[in-house]
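Reader: I have a structure to go through with you. Can we start with the chains and work inward?

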Amino acid sequence: MWSTVGLSSKGEKDTSEGSSATRISKKLKLKFTKAWLAFLKLPLPLDVYKEVLATLHQNVIPSMSNPAILCDFLTTSYDIGGVISVMALSGLFILMTQHQLEYPKFYDKLYALLTPAVFMAKHRSVFLQLLDACLKSSYLQAYLVASFAKRLSRLTLSVPPAGALIIIALIHNLLRRHPSINFLVHWEVAQDDGVASLPKKIGADPFNNEETDPAKSGAMRSSLWEIDTLRHHYTPAVSRFVASLETDLTVRAKTMEMKITDFSSGSYATVFRDEARRRIKQVPLAFYRSTPTSLFQESDFPGWTFGCQSNMGAQASVEGNAVHTLETVDASPAKRSRV
Amino acid sequence: MAKTKPTAAGAAAADKKHNNKKKGKGNIKGRSGPAAVAMKARGAAAAGAERSNPFEAIWSRRKFDVLGKKRKGEERRTSRSRSDAIHKRENTLLKEFEQSAKSSVFHDRRIGERDETLPEYDKAILRQQREHMAKLKRASKFNLSDEEDDEDSHTLLGNDDFNEEVPIGDDSDEEGNTLSKKRLSLQSSDLPSETDLPGETHGHKSKKEVMSEIILKSKFYKAQKAKEKEEDEHLVDKLDSDFALLAQTPALLSLTESARVNTHKNNSSTIHKGSSGLTGKEIFNKEKPDAYDKLVKEMVMDQRARPSDRTKTPEELAQEEKERLEKLEKERHKRMLGTAESSDEEDDDSEDGDHHMRADNSKPISGDDLGDSFSFDEPTKRKKGWVDEIYENEGRKIGEGVASGDEGSDDSGEDEDEDEEDAGDEEDSSDDDFRNMPARDWEQSDDDEVAVEEDEKDDVKDKEQVIGEKVMKTNAQNLKRVSNAKQKSHGKDEDLPFVIEAPNNLQDLCSLVDGRSETEIAEIISRIRTCNSIRLTPENRKKMQVFYGVLLQYFAVLATQSPVKFKVIETLVKPLVEMSGETPYFAAICARERLIHTRARLCEDIKVPGKSSLPSLKTLLLLRLWSLIFPCSDFRHAVATPMLLLMCEYLMRCPIQSGRDAAVGSFLCSMVLAATKESKKFCPEAISFLQTLLVTSLKGEVSNQINDQFMELKTLKPWLHISEQVHEVNRMNILDLMSMDPDSPFFASDNFKAGVLLSVAECLRGFVIIHEGLCSFPEIFMPVSSLLQQIMEKSELPALLQEIFQDVIDLIKKKSDEHHASREPLQMRKQKPEPIKQLNPKFEENYVKGLDYDPDRERARLKKLKKQVKSEKRGAMSELRKDSYFMAAVKEKERARHEQERSEKYGKAMAFLQEQESAFKCGQMGKGKKRRR
């Protein structure tokens with residue numbers, strides 16, 4: 001309904017002629033803006049609030065006479081945190097890029113927004129694209145970019161596979177844009193003098209994930225081990241994609257930036273579909289010395305029993321022996337089920 | 001020399017030999033001429049004497065042989081080749097030169113003149129034939145033929161075998177007849193000729209007579225031959241009849257009988273058998289084929305006995321088995337690392353990736369555009385419709401279930417229903433799902449936008465559809481047969497039949513196994529499998545595939561029955577695993593389609609708030625079955641990978657809404673653990689789910705989260721908070737749990753909570769052990785460890801649990817410390833040291849001179865072509881040069897001739913004049929005077 005208002009104002013502009021037309025449209029715009037401001041001043045219920053934020057940047061801002069007026073609304077929304085911030089970011093981004101809005105500590109807030117939940121959120125697609133756009137500038141400080149990269153990589157330890165794919169793409173872009181953070185993936189070892197020839201060992205990760213200020217996160221002394229961990233990810237797409245970070249991204253001529261739009265709409269659905277729709281080339285089967293006759297072997301499932309309903313009362317009490325058996329069981333899990 | 005050019009060009013290719021030869025004069029030892037060889041061959045053909053003329057040849061004597069050196073063209077005959085070249089030029093270039101000054105050309109169109117190989121005599125024959133034909137064509141009776149001509153022709157022809165073609169003299173009478181007539185007359189022309197014979201036999205026989213004589217003779221011989229043949233046949237017939245008579249006599253019969261017995265006994269008496277077989281055939285030719293004949297034929301067809309391998313000893317068998325397993329293990333390991341078929345997989349990846357990206361590009365904001373729309377009234381309407389639809393579906397399902405009455409058909413009906421409706425539903429639901437829940441933004445927005453994409457069907461999908469249709473059909477039949485089948489099953493007697501046809505629908509199977517014990521069911525299945533083994537006939541493959549599908553369905557049905565017959569299910573495991581080995585593709589397709597279907601159901605369930613979306617027992621059992629059938633350790637597997645994805649999706653997206661959910665989720669985690677154990681794959685979902693479960697055991701302190709991973713997603717209530725001290729911790733029985741109602745008081749009991757916590761801790765321990773090698777192990781597990789610590793402090797755990805928790809904490813601490821001690825910063829860009837370029841000479845085995853060893857084939861080819869062009873060019877040039885020499889010589893000769901002529905004339909004239917003068921000087925005296933006188 002709001003969009004229709006916006007559209008009709010434009011429509012009238014076309015029909016009327018000359019200066020009066022522009023005047024009318026200006027008036028209409030003014031009224032439109034006023035109406036919106038009045039509306040936004042009302043205490044909105046949460047769902048309406050979200051709806052407003054979701055539609056503001058596409059349908060409202062273009063038809064406003066002075067979109068900068070919205071900056072208060074958007075900045076307060078952005079400060080709220082959580083999903084509201086994510087949603088307010090798109091409007092704020094327009095104001096910042098097109099209407100010269102200055103927003104202090106923008107990156108700090110953006111940094112704080114990066115939580116695992118973002119990668120399950122509904123609006124993640126737009127948000128992630130914006131995130132990539134915000135980090136596009138090559139004038140960003142190295143510490144900031146390093147913090148972002150490190151934070152994103154830390155997220156890979158808990159996000160779904162689609163999220164991991166996006167993160168790898170984002171980090172790829174960051175590494176390419178900012179050769180100064182190349183140390184995150186490659187720690188140069190001076191080979192000349194014997195003293196420094198031993199690679200410097202970093203025991204605990206100096207990066208502090210809880211720190212909200214990217215300047216103090218300690219990412220500049222860290223390394224992206226999480227990316228290395230992803231090589232063992234259970235989704236083949238992810239573990240293969242990690243290899244894209246192995247190419248030397250400091251040589252700009254040889255590399256391409258990844259398009260975030262290619263990944264940002266990914267979800268379990270897309271990953272699952274890609275795997276399930278693969279052409280079946282060969283179907284290797286599991287092999288056994290003797291074909292298993294039962295679905296569950298208790299040795300494989302510590303902490304569970306699979307007795308029949310009848311002997312419900314006779315559940316094995318595992319008081320003392322559980323500790324001992326499990327020790328041995330876990331030591332040779334593979335040998336027991338196969339070979 | 002415009003004239004010579006075409007000649008030269010034409011000659012260039014063909015007469016390479018010439019120039020080679022000429023060149024050879026300069027460098028005798030150099031490149032040989034194929035010319036010499038060719039010439040040699042020609043020389044051999046032309047005249048044998050020439051070849052041996054040593055004065056014509058130039059050769060070089062070798063002191064010793066050099067290995068691998070081509071030795072052709074050592075000898076060349078320069079003078080001969082030169083004369084050949086000159087001769088050739090005389091025929092071509094000179095002719096042209098002579099013609100060049102002339103405006104008209106004389107074409108010799110006489111018959112046979114063009115062909116130079118024809119000898120004069122043949123030319124004459126040709127001409128004569130042509131003339132004769134022309135005469136026949138004229139077809140005029142009144143043309144007088146001149147006898148002289150004919151006579152000539154015959155004398156010319158002589159005694160050659162032109163008998164048929166060339167008309168014989170006596171047709172002179174019937175000159176002017178048509179050809180056919182004449183041919184006829186030829187056959188019947190014996191008589192007149194013979195009558196003529198005596199009159200003219202004196203002296204020499206005429207040609208005509210000779211011919212007729214020959215013909216006569218040949219005819220006589222032919223007749224004689226025919227006669228002989230006839231006689232032979234008669235003889236054979238006679239012999240046959242005699243022998244048949246003889247064979248009827250008992251003596252011979254006994255002989256053949258014994259032979260038959262012999263052949264029965266051993267095959268070695270082939271000679272005897274062969275002869276007797278022949279006789280048998282001869283004898284009973286006119287009668288029916290004998291049993292003996294048949295026997296012989298059969299024996300021909302029989303397979304010879306082959307020597308078989310000796311029976312293996314148990315040790316050998318064990319050894320073989322061990323080797324086989326080792327091989328399989330090696331392959332599995334390769335697949336786990338993803339190195340096998342990585343290349344084509346990568347191709348696929350890129351392809352698929354591209355495809356995927358493109359598909360996404362087309363609708364890049366499909367993830368969230370739906371939430372942005374302003375249309376409000378529509379969604380609500382849709383929402384209602386959608387919810388209603390679900391209820392309707394369920395209602396229908398229930399209704400059907402009631403109608404069918406039977407448990408099995410109920411489930412199959414349900415499955416079918418869903419199958420059918422999926423297509424319809426999913427389009428709707430995928431449209432709807434965002435509009436339905438605009439408010440729940442943090443809710444998972446992973447959805448089934450892709451669940452069914454009709455246009456993305458590949459052939460596998462098609463195949464599956466075909467099978468699906470088949471199954472559908474059989475299910476449709478199911479409902480009809482319900483009553484019949486039941487009666488049948490009741491009426492059947494207890495003992496099992498030995499030959500059981502593979503049931504092709506669930507109903508048949510149910511009627512077969514209803515009321516049987518586990519061992520009997522196992523027996524039934526094994527009998528069906530042996531009776532319809534794929535190895536017997538290829539048609540059985542289809543049968544067994546259908547049976548496999550039915551069995552899988554039965555497996556699923558059993559899992560949905562209210563008192564779960566777990567033992568029956570277990571009996572199905574072995575045959576299912578083994579049968580999957582027989583039809584791996586079919587098994588994979590079945591599993592995949594079911595997975596897709598299950599995922600679609602998950603997407604639907606998640607949208608219904610308050611409904612537990614975690615997998616049912618049926619799904620759990622199926623997942624477990626597949627993880628037994630297919631190797632989960634593969635880097636990428638057609639079934640295992642989607643299955644693992646689905647399990648993780650359950651863990652990630654499903655909210656925990658009851659204690660039961662917590663238990664099921666925990667069990668799912670241990671299933672994931674079992675699946676990833678071997679390949680040590682990293683499943684973030686499972687670990688965060690376990691973490692969530694641990695958080696739920698903290699009462700009230702949830703707000704103080706260690707990290708906020710998805711906690712908002714799961715409805716966090718202290719499901720697992722243990723309020724009172726429990727003394728005993730029991731392992732949980734998943735089957736019991738699954739059959740219990742989610743609201744059952746058992747889930748609130750501390751016993752249950754302690755059990756779940758136990759399983760969680762054990763599962764965590766498993767993951768810790770698996771992931772000890774991961775680079776970011778401390779980052780993954782330190783939060784877990786601190787959470788455990790917190791729980792230990794704040795809740796009253798039983799002693800055993802405390803012990804296990806402490807154990808896990810210690811384990812994590814130990815491993816983390818190890819990591820902290822040894823971890824190094826990444827060095828992903830480390831380049832491998834490049835080897836210094838080696839300049840060692842490379843040696844070629846069996847080197848042949850002249851062969852191009854360039855590894856770049858294209859370059860070698862180019863080089864060869866260039867070389868050829870160069871040599872051709874050189875050849876053409878020298879050819880042209882020689883042409884010009886030749887022409888110069890010719891012209892010089894001409895000029896010399898002219899000069900000579902002129903000087904002769906001049907001399908004559910001078911002589912005449914001098915004579916005159918001398919005569920004049922001496923006053924008319926001398927010669928003239930004398931002459932006159």
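Author: Chain A first: its secondary structure consists of 15 helices and one strand. Keep in mind that this is a predicted model.

Reader: What share of chain A is buried?

Author: Of the 339 residues in chain A, 55% are buried.

Reader: Now chain B. How many helices and strands?

Author: Chain B has 35 helices and three strands. Buried residues account for 41% of its 933 residues. The chain exposes about 55,100 Å², with 55% of that from carbon and sulfur atoms. Among its contacts between residues at least 6 apart in sequence, 72% join residues at least 24 apart.

Reader: Pick a helix in chain B. Is α28 mostly covered or mostly uncovered?

Author: Mostly covered: 18 of the 18 residues of α28(B) are buried.

Reader: What span should α28 have, and what does the model give?

Author: Helix α28 of chain B runs over residues 659–676, so at 1.5 Å a residue its 18 residues should span 26 Å. The end C-alpha atoms are 26 Å apart, which agrees.

Reader: Switching to the nonpolar core. Which residues touch the most other members in the largest one?

Author: The largest nonpolar core has 149 residues, and those touching the most other members are Tyr554(B), Phe555(B), Phe630(B), Leu694(B), Phe781(B) and Phe805(B).

Reader: What is Tyr554(B) in contact with, beyond its sequence neighbours?

Author: Leaving aside neighbours within four places in sequence, the contacts of Tyr554(B) include Leu506(B), Leu509(B), Cys510(B) and Val513(B). Ile521(B), Val568(B) and Leu572(B) are also in contact with Tyr554(B). Another core lies apart from the largest one; it has 80 residues, among them Tyr49(A), Phe73(A), Val86(A) and Met87(A).

Reader: On to charges. How many salt bridges over all chains?

Author: A search of the whole structure finds 35. One of them is between the side chains of Glu257(A) and Arg176(A), at 3.9 Å from N to O.

Reader: Where do Glu257(A) and Arg176(A) lie?

Author: Glu257(A) lies in the loop between α11 and α12 of chain A and Arg176(A) in helix α9, so the pair ties together parts 81 residues apart in sequence. Glu257(A) is partly exposed, at 27% relative accessible area, whereas Arg176(A) counts as buried at 10%.

Reader: What about Asp213(A), which partner does it have?

Author: Asp213(A) forms a salt bridge with Lys216(A), with the closest N and O atoms 4.0 Å apart. Asp213(A) is partly exposed at 21%, and Lys216(A) is exposed at 58%.

Reader: Give me one from chain B. How far apart are the closest N and O atoms of Arg89(B) and Asp883(B)?

Author: They are 2.3 Å apart, in a salt bridge. Arg89(B) is in helix α5 and Asp883(B) in helix α34 of chain B, so the pair ties together parts that are 794 residues apart in sequence.

Reader: Are Arg89(B) and Asp883(B) buried or exposed?

Author: Arg89(B) counts as buried at 8% relative accessibility, and Asp883(B) is buried too, with a relative accessible area of 3%.

Reader: Which residues do shared partners join into one network?

Author: Asp132(A), Arg176(A), Arg177(A) and Glu257(A) are joined into one network by salt bridges that share partners.

Note on methods: Residues are numbered from 1 along each chain as its sequence is written. Chains are lettered from A and ligands numbered from 1 in the order in which they are written. This is a predicted model: local features need pLDDT of at least 70, side-chain atom pairs count only at pLDDT 80 or more; totals for chains, interfaces and linings use all residues. Side-chain values use heavy atoms; hydrogens and water are left out. Helices (H or I, at least four residues) and strands (E, at least two) are DSSP runs, numbered from the N terminus. The expected span of a helix is 1.5 Å times one less than its number of residues. Buried means under 20% relative accessible area, exposed over 50%, partly exposed in between (1.4 Å probe, protein chains only). A nonpolar core is a set of buried Ala, Val, Leu, Ile, Met, Phe, Trp, Tyr and Cys residues joined through side-chain atoms within 4.5 Å. Contact means heavy atoms within 4.5 Å. Accessible areas come from the Shrake-Rupley method with a 1.4 Å probe; for residues, only the protein chains shown count as cover.
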